[in-house]
Amino acid sequence: MIYPFQSYKVSPAYKKSFLEELPQVSSALPEFFRATTVASQSVQQRDIFGNPRGIRQDAGVDDSLKLLLLACFNDGLLSEQAKPAQVLDLVRQLSLLWYSFGNKIDSCIFLGYYFYEMQSTALHLVDELKKQIGFLASVSGQAHRHLQDGVDTLMLSYSPHWYRAQAGIGDKKSDIFIADGDFTKTDLPRPGYQIHFKKSKLYDLRAPFFVSTQQVETPLVQQDKIVSSCPSCGQKCRGKLFSFIEIKCPKCSTVWQQKT
Ligand SMILES: [Zn+2]
C-alpha cells in the first residue's frame, strides 16, 4: 500500500532547528519509533476474520510514549493544561516529522491505526500518562516554557478549510482527502466528522482526528458551475464543474484544488 503521507517532507533547515530546539524530544523519538515498529508487527498479523490481533502489551509502547511526553514537557512543547486530544495531535505531528527525517514507515502505520482507529484507547492512555508526568514535571520544575499547546510551534499539516465532495471530504489547502467510510458523521454536542480510516486503512498521518461541521463547506452547484469560498479570504468563487477543479480567487489570487 502507498500511504498518502509517504512523500511528506520538511526542509533541512526545519529539521536542523527542530533537533536544536527540542533536544529531549529528539532523543526520545528513536525509542518511541523502535517500540512502535515492534508493535506494528503485531497489528499487521490478522486473525481469521481479517481483524488486527491487537496491540501487544510487551512492545514497550506505553513506556516509550511516557518518556516522549516527559521530553515534550521538558522541552516546553506541552503544558499541564493541554487536553488529551491536543497531546495526541502533538504526538501525531512529531511522528510525521520524525518519519519525514528519513525514518522507517512501519512505526507510522502502527501509529495511524492507533491514533485513528483505536482513538478512544489512545486518548485514555495519553490522559493517564499525562497525569503521571504532570506531577513529575512540576516536581522537577523543568516545565519552564509552558507554550500554549505546542501545536503552534510545529508545522500544522492540515488547514481548517474543508469541502464536501460526492465521495468524501477534503482539505482545500492540501491534498488530504478522506473518503466516505473512513469517517463517521457526528451530531451534537460536537457536530462534525470523526476520522478513523476504518474502511480503506490508508492512514494519512497528516489528517486531523476530527473536522467540525463549520469547517466543511458544501459547495453550491448550479448546472455546470460550482461556487466555493476562497480558503484565504472567504470570497465566493465560481468554477466550471468537473470532477476535479482548480479555482483561482479573483480577489486575493489564492489558487486551490478540490474534488466535486
Ligand atoms: Zn481569496
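This is a predicted model: local features need pLDDT of at least 70, side-chain atom pairs count only at pLDDT 80 or more; totals for chains, interfaces and linings use all residues.

Residues are numbered from 1 along each chain as its sequence is written.

There are 6 helices and 12 strands in the chain, where helices (H or I, at least four residues) and strands (E, at least two) are DSSP runs, numbered from the N terminus. Of the 260 residues, 35% are buried, and a residue is called buried if 20 or more other C-beta atoms lie within 10 Å of its own, exposed if 12 or fewer, and partly exposed in between, with C-beta atoms placed from the backbone. If we take the contacts between residues at least 6 apart in sequence, 55% of them join residues at least 24 apart, a contact being two residues whose C-beta atoms, placed from the backbone, lie within 7 Å.

Now to the helices. The axes of α4, residues 84-100, and α5, residues 106-117, come within 11 Å and cross at roughly 165 degrees; axes here are lines fitted to C-alpha atoms, for helices over the stretch in contact, and angles run from 0 to 180 degrees between N-to-C directions. The two helices are therefore roughly antiparallel to each other, since angles under 35 degrees count as roughly parallel, over 145 as roughly antiparallel, 65 to 115 as roughly perpendicular and the rest as oblique. On the side of α4 the contact is made by Leu88, Arg92, Ser95 and Tyr99, and on the side of α5 by Cys108, Leu111 and Phe115.

Let us move to the strands, which pair if DSSP finds at least two bridges between them. Strand β4, residues 183-186, pairs with β5, residues 192-195, in the antiparallel sense over 4 bridges, and Lys185 has Tyr193 of β5 as its bridge partner. A hairpin of 5 residues joins β4 to β5, and Pro189 has its place in that loop. Leu188 and Pro189 are joined by a cis peptide bond, with omega about 5 degrees.

Further along, 3 strands form an open sheet in the order β8-β9-β10, with antiparallel pairing. Why is one side of β8 (220-222) and of β10 (236-240) left without a neighbour in the sheet? Both stand at the edges, each with a single partner strand, so one side of each has no neighbour there. Neighbouring strands of this sheet are turned by 25 degrees against each other on average, direction ignored. Strand β9, residues 225-229, pairs with β10 over 5 bridges in the antiparallel sense, and Lys225 stands opposite Lys240 in β10.

I end with the backbone angles. Most residues other than glycine have a negative phi, and most peptide bonds are trans. Phe197, in the loop between β5 and β6 (210-212), has a positive phi of about 55 degrees although it is not a glycine. Gln223, in the loop between β8 and β9, is also not a glycine, and its phi is positive, near 50 degrees. Are these residues buried or exposed? Phe197 counts as buried because it has 20 C-beta neighbours inside 10 Å, whereas Gln223, with 6 such neighbours, counts as exposed.
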